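Please examine the structure shown below together with its sequence.

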Amino acid sequence: MAEYVSVSQISNYIGQDIILKGWVYNRTDKGKLSFLLVRDGTGFIQCVAFKGDLTPDLFEQISHLPQESSVIITGAVREDKRAPGIPGGYEVGIKDLQVVQAADLDYPMSLKDHGVDFALDHRHLWIRMQSQWAILRIRSTVMAATREWLDNNGFTAMDTPILTPAAAEGTTTLFETPYFDEGFAYLAQTGQLYNEANIFAFGKVYCFGPTFRAEKSKTRRHLTEFWMLEPEIAFCDLDGLMEVEEQMLAHIIQRVLRDRMPELKFLGRDVSKLESITTPFPRISYDDAAKMIEELRDKETDPEKKELLAFEWGMDFGAPHETAITNQFEKPVFVYGYPSAVKAFYMEPWPGRPEVCKSVDLLAPEGYGEICGGSERMSSYEGLLARIRKEKLPEESFKWYLDLRKFGSVPHSGFGMGTERVTSWICGIEHIREAIAFPRTIKRVYP
Ligand code: 4AD
Ligand code: MG
């Protein structure tokens, strides 16, 4: 009896008969031969039907199989350097094939290029395509590697609520939902505040879940629903936080390079750019980054680009600024000490410089920009209360959060990492919407 194996395991079965279960991704007929590119969820492999090996009926059926038909194939595995697929290099000589369902002939996502709106309208089918499959496989590995690193480094996984009573990351991006007799609840923009409670019970924690922002801007870096990883650490300052970030990120990159090379290669990613990423990452202050932008602007000869780099101290960096900064480095770079006015209310002020806060953004190279945002948190009760009042946040909703500063407050820090931002960068793709199976953007909640 042949064994049922997956494409990802096929290299262990050279010379043996195996059973594959999957779908016909593509078919090419050449006289007595029919080449099927078959996908099974773990990879893509060429399966070859030779007329002389099969009954006339079966060969006839195979050579007319519509794209996306589901099939169970029995055949012999052989090595062939030229064979296409992911990873490629192997093929299966078909001995038997059972059609589970012959697909309708009008499959909308044929293998030609589609406009992006058409592709997004057919996202439920688009995810079957090689490029999309490769990106989402890498995303899954990014998430697994993230959890692996945290679980191996003393963090406790906590799940923070999605329905929350107030804004934590600004009131302009809140999704609001009626909530029984309580008025309104808001979809979580972050799990951070709850994780700040969690560290006083568990020391080092993380949450990893869907996060919601009613982003009104339409950019290639924003989704309205994305997956954020948020570690939070007791007795940790800004330097300690940066160490955690770079260690974790280096681990993610290493693991993707180890496990997802065929996918990266298929996407045409220049993996040498990822291989060269080692710790520590450069750290520059906001002040120095601002100077750097000024210098780059002075040097810029293209008036349009010059205009985009317009900047003065106190502003938040836009995408062109982040790109300009990251282009100066081969690795991700930390920028710390932003003006408090452009950051969230909970950040610890810089000692002796109240207009600056102990925040840090991690910017990815090659123009990708911010992938992580974090800070040391304000640990004093009075300071935090003053900040909540200044921002006119609903004090009642933050009573519990203020309690944390009354009962054993300690310096503590944390950050959030956007899964889709990291995945886009690692894959080298243009737009974040391809880094999640069913993207939600300002113009899209279908399918
Ligand atoms: O910088 P942000 O807004 O930070 C926070 O929410 C903190 N409470 C996190 C923390 O300290 N625990 O978001 C963190 C990261 C960003 O660096 C970015 O990677 C991602 O989340 N992100 C988005 N990704 C996709 N679409 C959006 N609209 C995003 N907004 C933030
Ligand atoms: Mg941020």
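**Cysteines, helix contacts and a loop lysine**

The sulfur of Cys 357 lies 16 Å from the closest cysteine sulfur, that of Cys 236, which is too far for a bond. The model under discussion is a predicted one. A disulfide is a covalent bond between the sulfur atoms of two cysteines, and the cut-off applied here is a pair of cysteine sulfur atoms within 2.5 Å. By this rule, the count of disulfides is zero. Cys 427 is likewise in no disulfide, its nearest cysteine sulfur being that of Cys 372, 16 Å away. Cys 357 counts as buried because its relative accessibility is 1%. Cys 427 is also buried, with a relative accessible area of 2%.

The crossing of H4 past H14 is right-handed.

A second pair is formed by helix H9 (residues 286-299) and helix H11 (residues 319-326), whose axes come within 10 Å and cross at roughly 90°. H9 and H11 are therefore roughly perpendicular to each other. Ala 289, Met 292, Ile 293 and Leu 296 of H9 meet His 321, Ala 324 and Ile 325 of H11. The residues in this contact of H9 with H11 divide into six nonpolar, one polar and no charged.

The last stop is a loop residue. Lys 51 is found between strand S4 (44-50) and helix H1 (56-62), in the loop that separates them. Is Lys 51 buried, exposed or partly exposed? Lys 51 counts as partly exposed because its relative accessibility is 45%. Leaving aside residues up to four places away in sequence, Lys 51 touches Lys 32 and Phe 59. Lys 51 and Leu 33 are 18 residues apart in sequence, and their C-alpha atoms are 6.2 Å apart in space.

Methods: Residues numbered from 1 in each chain as written. Chains lettered and ligands numbered in written order. Predicted model: local features only at pLDDT ≥ 70, side-chain atom pairs only at ≥ 80, totals over all residues. Heavy atoms only, no water. Helix = DSSP H or I, 4+ residues; strand = E, 2+ residues; numbered from the N terminus. Buried < 20%, exposed > 50% of the residue type's maximum accessible area, 1.4 Å probe, protein only. Contact = heavy atoms within 4.5 Å. Left-handed = near helix turned anticlockwise from the far one by under 90°. Axes fitted to C-alpha atoms, helices over the stretch in contact; angles between N-to-C directions. Parallel < 35°, antiparallel > 145°, perpendicular 65-115°, else oblique. Nonpolar A, V, L, I, M, F, W, Y, C, P; charged D, E, K, R; others polar.
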